[in-house]
Amino acid sequence: MCSSDINEEELCERLDDELAKRSTSILAMDEDRVVGRIEYHFYSCFQDGYRICYVDWLYVLPKNRNKGIAKKLFNEMIKDCINHNVDEIRLIRATNKNACDFYDSFQSAKLCEFPFFIQHLH
């Protein structure tokens, strides 16, 4: 999504939404420009207390890729996860080459191909 595609009024409304307040965004900046962003939120199972970080969004502008920006964003998120005693990180992964190369850079991560149930309500 480009900044010219953003409706500022709708964005401000989303910032006041209680669900949006549960998400965290970390920005990668180059001087005064945003060149990358990771957005995530935590949730916990009431039954066993297992804590999960779900990554909603990880993106680096194409001309800023292959500079370690995504890895730095991910590492900052991991620090936040550790501070919140999170047990696991999950995301629906992209399958393009750049994304696959990024995922492969994590030796301890497990790449899965789980089917997802998605039902759009609006």
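Mentor: Let us begin with K71, which counts as partly exposed at 26% relative accessibility. Please keep in mind throughout that this is a predicted model.

Trainee: Okay, and where does K71 lie?

Mentor: K71 is a residue of helix α2.

Trainee: Which residues does K71 touch, leaving aside those up to four places away in sequence?

Mentor: K71 is in contact with F102, S105 and F106, once residues up to four places away in sequence are set aside. For K71 and F102, the C-alpha atoms are 7.8 Å apart in space, while the two residues are 31 apart in sequence.

Trainee: Let me step back a bit. How many helices and strands are there in the chain?

Mentor: The chain has 3 helices and 4 strands, and, read from the N terminus on, the elements follow the order α-β-β-β-α-β-α.

Trainee: And what share of the residues counts as buried?

Mentor: Of the chain's 122 residues, 18% count as buried. As for contacts with a separation of 6 or more, 46% of them are between residues 24 or more positions apart.

Trainee: Can we look at a loop now? Is N64 buried or exposed?

Mentor: N64 counts as buried, because its relative accessibility is 6%, and its place is in the loop between β3 and α2. Not counting residues up to four places away in sequence, N64 touches D30, R33, V35 and I69.

Trainee: What about N66, where is that one?

Mentor: N66 is also found in the loop between β3, which spans 51-60, and α2. In contrast to the buried N64, N66 is exposed, with a relative accessible area of 75%. Its backbone deserves a look too, as N66 has a positive phi of about 65 degrees although it is not a glycine.

Trainee: Why point that out?

Mentor: Because most residues other than glycine have a negative phi. You will find N85 in the loop between α2 and β4, where it is exposed with a relative accessible area of 58%.

Trainee: Switching to charges, how many salt bridges does the structure hold?

Mentor: There are 4 salt bridges in the structure, and I can take you through some of them. The general idea is that side chains of opposite charge can pair when their charged atoms come close. One of the pairs is R37 with E39, where the closest N and O atoms are 2.4 Å apart. R37 is partly exposed at a relative accessible area of 25%, and E39 is partly exposed as well, at 21%.

Trainee: Which residue forms a salt bridge with E76?

Mentor: That would be K79, with the closest N and O atoms 2.9 Å apart. The two are 3 residues apart in helix α2, so E76 and K79 are separated by about one helical turn. E76 counts as partly exposed at 37% relative accessibility, and K79 is partly exposed with a relative accessible area of 46%.

Trainee: Which side chain meets K97 in a salt bridge?

Mentor: It is the side chain of D101, and the N to O distance there is 2.8 Å. D101 and K97 are 4 residues apart in helix α3, so about one helical turn separates them. Here the two partners fall into separate classes, as D101 counts as partly exposed at 38% relative accessibility, whereas K97 counts as exposed at 60%.

Trainee: Last topic, pockets. How much space lies in the second largest pocket?

Mentor: The second largest pocket holds about 730 Å³ of space. Its lining is made up of 22 residues, among which I89, R90, L91, A109 and K110 lie nearest the centre.

Trainee: Which element supplies the largest share of that lining?

Mentor: β4 does, with 4 residues. At least two residues of the lining come from each of α2 (69-83), β4 (88-91) and α3 (97-104).

Trainee: And how do the lining residues divide into nonpolar, polar and charged?

Mentor: For the second largest pocket, the lining consists of 15 nonpolar, 2 polar and 5 charged residues.

Note on methods. Residues are numbered from 1 along each chain as its sequence is written. This is a predicted model: local features need pLDDT of at least 70, side-chain atom pairs count only at pLDDT 80 or more; totals for chains, interfaces and linings use all residues. Side-chain values use heavy atoms; hydrogens and water are left out. On a 1 Å grid over the protein atoms alone, a cavity is a set of points where a 1.4 Å probe fits but cannot get out, and a pocket is an open set with protein on both sides within 12 Å along at least five of seven lines; lining residues have an atom within 4 Å of a point. Grid points are joined across faces, edges and corners, and a volume is the space filled by probe spheres set on the points. Ala, Val, Leu, Ile, Met, Phe, Trp, Tyr, Cys and Pro count as nonpolar, Asp, Glu, Lys and Arg as charged, and the others, Gly among them, as polar. Buried means under 20% relative accessible area, exposed over 50%, partly exposed in between (1.4 Å probe, protein chains only). Contact means heavy atoms within 4.5 Å.
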